[in-house]
Amino acid sequence: MIKAIIFDVGGVLLRTEDLSPREKWAKRYGMGVWDFASAVFDSDEANRATVGLATEGEAWLAAQQRFNVPQAEMDQFRIDFFAGDRWDESLLDWIISLRGRYRTAILSNAWGGARKFLMSHTKVMAAFEQLIISAEEGVRKPQGEIYRRAVQRLSVLPHEAVFVDDVLENVEAAKQVGLEAVQFNVGVDVRGWLKGLDVF
């Protein structure tokens, strides 16, 4: 019996749907928009920040140095980087409707400021009872330990939990721990897949 449903954030609940704010910076540096995004998220300092070994500020400083962004432009750089992100409000509403019947959690590879950001969104707080954030845990997906911590926080066994993520490696790792898991992309019928598991 499925008792808990666990969601990733970036690429699932929160998706970059308007690329234009990032594109203006990517063009400035002669890069594709996704290569630009990877350069920010995949620096050594960014990866260290994801497991709490560096601060969010240090991750942004690495990006500033990588792109030689003038200090006077750095605030706008940070604003524009996330300006095209949009919450999937319909998906959040649906998860809210599951509360009381299922335990719910977010499991996210994210920097240290993620909890404050997530808690600022009313629907996120209504939808999820647990926020498991890699920077706070010191481990990240696809390491098995972070999935085990997620189900422990929800007081369920691995086979009683479902995990939804857009990254296949993270989905496969969750399955190795014993969770049911599905890779999300726009158009995937998550609700229908869960019905196939007799979740409802």
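Predicted model: local features only at pLDDT ≥ 70, side-chain atom pairs only at ≥ 80, totals over all residues.

Analyst: A residue counts as buried when its relative accessible area is under 20%. Aspartate 80 has a relative accessibility of 7%, and it therefore counts as buried. This residue is found in helix H5, which covers residues 71-82.

User: Which residues is aspartate 80 in contact with, leaving aside its neighbours within four places in sequence?

Analyst: Once those neighbours are set aside, aspartate 80 is in contact with Pro21, Arg22, Lys24 and Trp25. With tryptophan 25 there is also a polar contact, in which the two side chains are joined at 2.9 Å.

User: How should I read threonine 50, and is it buried or exposed?

Analyst: Threonine 50 has a relative accessible area of 7%, so it is buried, and its place is in helix H3, residues 44-50. Its side chain reaches the backbone oxygen of alanine 46 at 2.9 Å. Apart from neighbours within four places in sequence, threonine 50 is in contact with Asn109, Ala110, Trp111, Ser134, Ala135 and Arg140.

User: What is the relative accessibility of valine 124, and which residues does it touch?

Analyst: Valine 124 has a relative accessibility of 0%, and because buried means under 20%, it counts as buried. The residue sits in helix H8, which spans residues 122-127, and, not counting residues up to four places away in sequence, it touches Trp87, Leu92, Ile106 and Leu118. Separation along the chain and separation in space can be read side by side: valine 124 and leucine 13 are 111 residues apart in sequence, while their C-alpha atoms are 9.3 Å apart.

User: How is arginine 103 placed, and what does its side chain make a polar contact with?

Analyst: Arginine 103 belongs to strand S4, residues 103-108. With a relative accessible area of 29%, the residue is partly exposed, because that class lies between the 20% and 50% cut-offs. Its side chain makes a polar contact of 2.6 Å with the side chain of glutamate 129, and a polar atom of the arginine 103 side chain also lies 2.8 Å from the backbone oxygen of leucine 154. Not counting residues up to four places away in sequence, arginine 103 touches Lys3, Ala4, Ile5, Glu129, Arg153, Leu154, Ser155 and Val156.

User: What should I look for in the backbone geometry?

Analyst: Asparagine 68 has a positive phi, near 55 degrees, although it is a residue other than glycine. It lies in the loop between helix H4 (56-67) and H5, and its relative accessibility of 65% is over 50%, so it counts as exposed. Serine 155, also not a glycine, has a positive phi of about 60 degrees. This serine 155 lies in the loop between H10 and strand S6 (161-165), and at 61% relative accessibility it counts as exposed.

User: Where is the cis peptide bond, and what is its omega near?

Analyst: The peptide bond from lysine 141 to proline 142 is cis, with omega near 10 degrees. Proline 142 itself is in the loop between helix H9 (134-137) and helix H10 (144-153).

User: How do I read the protein as a whole, and how many helices and strands does it have?

Analyst: The protein has twelve helices and seven strands. Its radius of gyration is 17 Å, close to the 16 Å that the globule rule gives for 200 residues, so the protein is as compact as a globular protein of that length. Along the principal axes, the C-alpha atoms fill a box of roughly 55 × 30 × 30 Å. Of the 200 residues, 46% are buried, and the accessible surface comes to about 9,800 Å², with 49% of it belonging to carbon and sulfur atoms. Among contacts with a separation of 6 or more, residues 24 or more positions apart account for 66%. Finally, the mean positions of the 24 positive and 29 negative charges are 3 Å apart.

Definitions and conventions. Residues numbered from 1 in each chain as written. Heavy atoms only, no water. Helix = DSSP H or I, 4+ residues; strand = E, 2+ residues; numbered from the N terminus. Buried < 20%, exposed > 50% of the residue type's maximum accessible area, 1.4 Å probe, protein only. Contact = heavy atoms within 4.5 Å. Polar contact = N/O pair within 3.5 Å; in protein donor to acceptor, adjacent residues only side chain to side chain. Rg over C-alpha atoms; globule rule 2.2 N^0.38 Å. Areas by Shrake-Rupley, 256 points an atom, 1.4 Å probe, with all protein chains shown as cover. Lys, Arg positive; Asp, Glu negative; His and termini not counted. Charge placed at Lys NZ, Arg CZ, Asp CG, Glu CD.
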